[in-house]
Amino acid sequence: MVAINTSKLEITPPSSRWVVLLTKVLLVVIILFLLPELVSAKPKKKKNRSLEKIYNARVMVCETGECGHHILEESMNCVTECVSKRCHKEASFDVNPLEDGEIDERRAILFAQCVKHEILREKHDARLKKK
C-alpha cells in the first residue's frame, strides 16, 4: 500500500480581493450575454381588436346567411362577394374566381385589408355625420 501524505495538501482560501474581482467579472459576462436580447426586443404590434371583430362578424353573417347553402370550405367566392363587392373585385375574385376548396392566401390577405380599410372609412364617415 501507498501512503499519501496529506499534510502538504492544505487548501488556502482565496483572498477576498480575488473573490470580489471574480464576481464582478461574472456579472459583466452575464450582462453582456443578456444585453443583446434586451436591446433587440421588438415592441408588440398593436392590433385593432374591434376592427378584427367587426370583420369576423361580417364574414360569419355571410357564411351562415347568404352563403349558408354552400359547403364552408367551398364558399370563399360567395362569402367575399357578400362581405364587400368592391373588395371582391379589388382582390380579383370576380376575374379569376377560386376553385371549390382552393385557398389563395395573397388574395385573402388583400381582401381582408380592403374590407378592414372599408370598415375604418365607414366609422370615420359615421363620426363626421355625428358632428
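Me: A disulfide here is a pair of cysteine sulfur atoms within 2.5 Å. What makes C62 and C82 a disulfide?

Reply: Their sulfur atoms are 2.0 Å apart, and the cut-off is within 2.5 Å, so the pair qualifies. By this rule the count comes to 3 disulfides. Bear in mind that this is a predicted model, where local features need pLDDT of at least 70, side-chain atom pairs count only at pLDDT 80 or more, and totals for chains, interfaces and linings use all residues. Residues are numbered from 1 along each chain as its sequence is written, and side-chain values use heavy atoms, with hydrogens and water left out.

Me: Why is the disulfide of C62 and C82 called left-handed?

Reply: The torsion about its S-S bond is about -75 degrees, so the disulfide is left-handed. The pair links distant parts of the chain, with C62 in helix α2 (residues 49-64) and C82 in helix α3 (residues 76-83).

Me: How do you know whether C62 is buried or exposed?

Reply: Buried means under 20% relative accessible area, exposed over 50%, and partly exposed in between (1.4 Å probe, protein chains only). C62 has 5%, so C62 is buried. C82, at 24%, counts as partly exposed.

Me: And what makes C87 and C114 a disulfide?

Reply: Good one to check: the S to S distance is 2.0 Å, again within the 2.5 Å limit. C87 lies in helix α4 and C114 in helix α5, so the pair ties together parts 27 residues apart in sequence. C87 is buried at 0%, and C114 is buried at 6%.

Note on methods:
Helices (H or I, at least four residues) and strands (E, at least two) are DSSP runs, numbered from the N terminus.
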